[in-house]
Amino acid sequence: MDLLDKDFLINFFYLSYKEVERRKEDINKLNVFPVPDGDTGTNMLMTLQSSWEEINKIEPKNVSDVSEAIARGSLMGARGNSGVIMSQIFKGMNIVLKDKESITPKQFSLSLIEGVSKAYKAVIKPVEGTILTVSRSFAKSFYESIKIGKNLEEAYFNALKDARETLKKTPEMLSILKEAGVVDAGGLGFLVFMEGGFKAITKREVEMEKIEVQEAKLYQKLTYPYDVVLLIKTDLDEKNLVKDFNLNGDSLIIGKEENLIKVHYHTDNFLKLIDYFLEKGSLVKVNVENMQYEVDQLSLKEKEVGFISVSRGDGFKEILKNAGVDEIVDGGQTFNPSTKDILDAIERVNAKNVIIFPNNSNVIFSAIQTKELTNKRVEVIPTKSIPECISSLTMIDKNLPIDDMIKEIENIIKNIRTIEVTKSIRDTKFNGATIKKGDFIAIYNDRIFNSKDSPEDAAIINLKNIKIEDGTLITIYYGEEIDEKRASSFKEKLEKIYPNCDIEIYSGGQPLYYYIISLE
Amino acid sequence: MIKIVVDSSCDLPDEYIKEKDIKVIPLYLKVGDKFYKDGVDIKSDEFVELLKKEKNLSTSQPPLPDFIKTYKDILEKGDDILSIHITGKGSGTFNSSKMAKEEMNTDKIDVLDSENISIGYGFIVKNVINLIEKGLTKKDVISKFKSLLSRVHLVFTLNTLQYVYKGGRVNDVKGLILNILDIKPILHMKEGLPRIYKIIRGRGNSIRELSRIVNEKIKDVKENFELAFIHLDAKKEIDELKDNLLSKLQPKYHFTKTVGSALGVHAGPGALGVAINFLEE
């Protein structure tokens with residue numbers, strides 16, 4: 001049997017270390033556990049580097065000297081969690097390799113077993129699905145193959161294969177990896193290290209099965225959700241077909257199928273994509289799939305509590321979605337949704353319990369009516385404005401039981417005041433003031449102030465009649481008739497009047513109301 | 001004699017550290033592949049500037065040799081060691097200090113997990129020192145240690161979510177919406193990790209809420225407590241909060257300090273907070 005000597009071990013370590021250096025960035029990209037700071041590869045490399053320097057400081061006479069140097073160097077240079085674990089593996093290996101002139105493959109495999117066991121002991125709470133699991137899988141497989149008489153190369157190759165399979169399973173063991181759609185970074189680091197070392201055994205370059213490395217997706221929000229495949233009949237060739245194609249997206253694939261051209265693309269705007277190709281020929285077939293939906297379905301379990309909000313305006317819809325609303329029912333002032341509209345939304349929400357924010361006093365009643373018409377538990381929060389809904393949803397703890405949540409929401413709403421700025425549709429008298437049709441009016445509870453000049457003036461007159469404490473958050477949602485520039489200058493004006501308040505502006509995109517302003 | 005060893009994240013005032021002869025092991029600040037010793041190579045005022053400028057700034061636990069060297073120096077003088085560290089759930093520092101102890105194979109070193117951060121951790125160290133000064137043995141201090149942890153409350157608020165997202169150490173902020181709606185979470189320590197205590201909209205509101213929370217926690221205690229005010233690049237606001245709180249509360253001792261880099265890297269500029277230390281009778 002071949003004995004492995006000091007030169008083997010030096011060579012083995014060097015090639016492993018260099019392989020980690022080469023693929024450092026791949027490892028970094030995956031890093032989500034325990035802390036997603038993207039430095040696993042860097043840390044591991046620095047740990048190995050320190051070992052390599054230690055080997056170079058001495059003139060090793062035997063395996064023992066090399067192993068000692070690796071262990072000492074890594075211990076002193078260990079960075080980060082995976083580096084610390086690697087150093088413990090080397091330390092454990094050194095227990096077996098110490099005092100050895102040269103070693104048998106069996107002793108080599110035993111040293112790895114000892115190393116892994118040392119690493120498990122060193123970590124206060126070992127977590128499976130990490131470098132620990134992958135290294136154990138390697139060590140075990142390696143040792144067992146050697147035990148049944150396989151030669152070094154074969155046993156090592158099997159161990160690599162098994163470790164690779166284990167690595168692929170890490171997302172099943174550690175949910176955070178699954179959520180991020182990655183395998184464990186430390187585990188990959190270990191595998192890469194071992195793959196490098198394989199070249200010392202085979203003494204040649206080895207083609208390895210590639211582990212697909214995808215950057216960790218911490219939030220599964222797809223930039224280009226639509227997967228579009230279209231078949232087009234055109235006189236153009238593939239190259240000219242996409243000559244001036246410049247739509248945002250990725251994964252463009254073009255292929256010829258008999259006399260048709262097939263195009264595949266991921267985009268956020270499939271209508272534009274289709275428009276583009278319509279001009280180039282006639283479309284035979286178009287297939288659009290929303291991948292976001294699949295992603296959501298995969299990760300979406302039935303929720304305990306779902307949220308429905310009645311709202312108008314694209315800006316508001318966007319904000320509400322971000323704030324955690326599951327379904328939005330189109331509607332508001334002069335455009336009240338029917339009970340059926342709300343009921344449909346209730347059925348669409350994947351939740352046992354549903355909280356509805358009507359956001360308008362005229363909608364509250366239809367919302368309440370749905371309670372009788374569904375098997376789900378429905379609770380209606382009598383919100384009279386959209387900001388009440390937005391603030392509630394951003395501030396509550398969504399893991400609370402529904403009853404506690406409702407209490408908390410009611411408390412939040414108490415502290416929110418909303419002013420709505422619109423145009424009077426008729427002549428009227430209010431609290432002694434004469435309001436003409438076409439006047440700008442700002443409404444707060446039962447107080448109305450008007451201005452002939454501008455919606456901003458009406459708002460300011462009303463605000464000045466409200467007690468606003470320092471530190472109050474004033475949020476301005478501007479409507480579809482106001483552009484961003486005008487809204488910004490309104491904000492600046494308010495900042496001068498209320499220098500000690502926080503003022504925020506967002507596009508609500510709502511019709512009828514120039515501004516909806518909340519104070520909280 | 002019992003010597004206290006801490007890491008640089010404890011945020012105790014420099015004078016106090018000097019007076020009590022506490023040994024500080026610096027954490028490392030990492031910029032790309034370069035490392036700097038926290039508080040040694042980079043002072044706290046330089047840190048804020050660096051944080052604003054440098055996108056790839058992170059902290060790293062001290063390497064084993066730093067622990068070993070500090071421990072060796074102390075042991076050579078014949079002293080015993082209590083090494084108290086930033087929460088083990090949030091940092092590898094505690095684990096490393098345990099390894100260093102194991103490496104040195106001595107029972108003269110004891111390693112304790114503060115389960116807290118910044119001055120929350122600092123107050124726990126201070127309480128340990130009080131016990132030692134009262135004449136308790138190391139063994140007694142260690143057996144009392146767990147009960148000290150619940151005496152310290154740290155609450156703080158952030159002005160931007162950018163850093164806490166990037167740092168990835170506060171799990172439950174993942175559910176928050178980045179940089180819209182002016183969200184200012186209030187965080188506290190729970191089971192050794194920073195967690196969201198409450199979500200508030202608006203900076204003014206979050207500082208008012210912080211003040212309310214502190215008042216409520218102290219409500220019935222008349223005198224036996226201390227306060228620490230910490231901030232990162234928010235001097236004016238922390239002073240206002242302090243004046244406001246001190247007009248109603250009479251702590252036995254209080255101080256204001258800039259947040260060290262360990263918390264600062266994750267909290268970002270504008271972070272401010274209060275730690276309450278309920279003293280023993």
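Start by selecting A:G149, which has a positive phi of about 100 degrees and sits just after α7(A). Keep in mind as you look around that this is a predicted model.

Now step back to the helix itself and select residues 131–147 of chain A. That's α7, with 17 residues, and its first and last C-alpha atoms are 24 Å apart, close to the 24 Å expected at 1.5 Å a residue. Why is α7(A) largely enclosed by the rest of the structure? Because 13 of its 17 residues are buried.

Next stop: a sheet. Pick out the strands of chain A in the order β6-β5-β7-β8, and you have an open sheet of four strands with parallel pairing. At the edges are β6 (327–330) and β8 (377–380) of chain A, each pairing on one side only. From one strand to the next, the twist averages 25 degrees.

Zoom in on β5 (residues 303–311) and β7 (residues 351–357) of chain A: they run parallel and are joined by six bridges. Click A:G306, and opposite you'll find A:V354 in β7(A).

Last, show both chains. The contact takes 31 residues from chain A and 29 residues from chain B. The largest share, four residues, comes from α17(A). Colour that side of chain A by class and you'll get 15 nonpolar, nine polar and seven charged residues.

Technical notes: Residues numbered from 1 in each chain as written. Chains lettered and ligands numbered in written order. Predicted model: local features only at pLDDT ≥ 70, side-chain atom pairs only at ≥ 80, totals over all residues. Helix = DSSP H or I, 4+ residues; strand = E, 2+ residues; numbered from the N terminus. Expected span 1.5 Å × (residues − 1). Buried ≥ 20, exposed ≤ 12 C-beta atoms within 10 Å, placed from the backbone. Contact = placed C-beta atoms within 7 Å. Nonpolar A, V, L, I, M, F, W, Y, C, P; charged D, E, K, R; others polar. Pairing = 2+ DSSP bridges. Axes fitted to C-alpha atoms, helices over the stretch in contact; angles between N-to-C directions.
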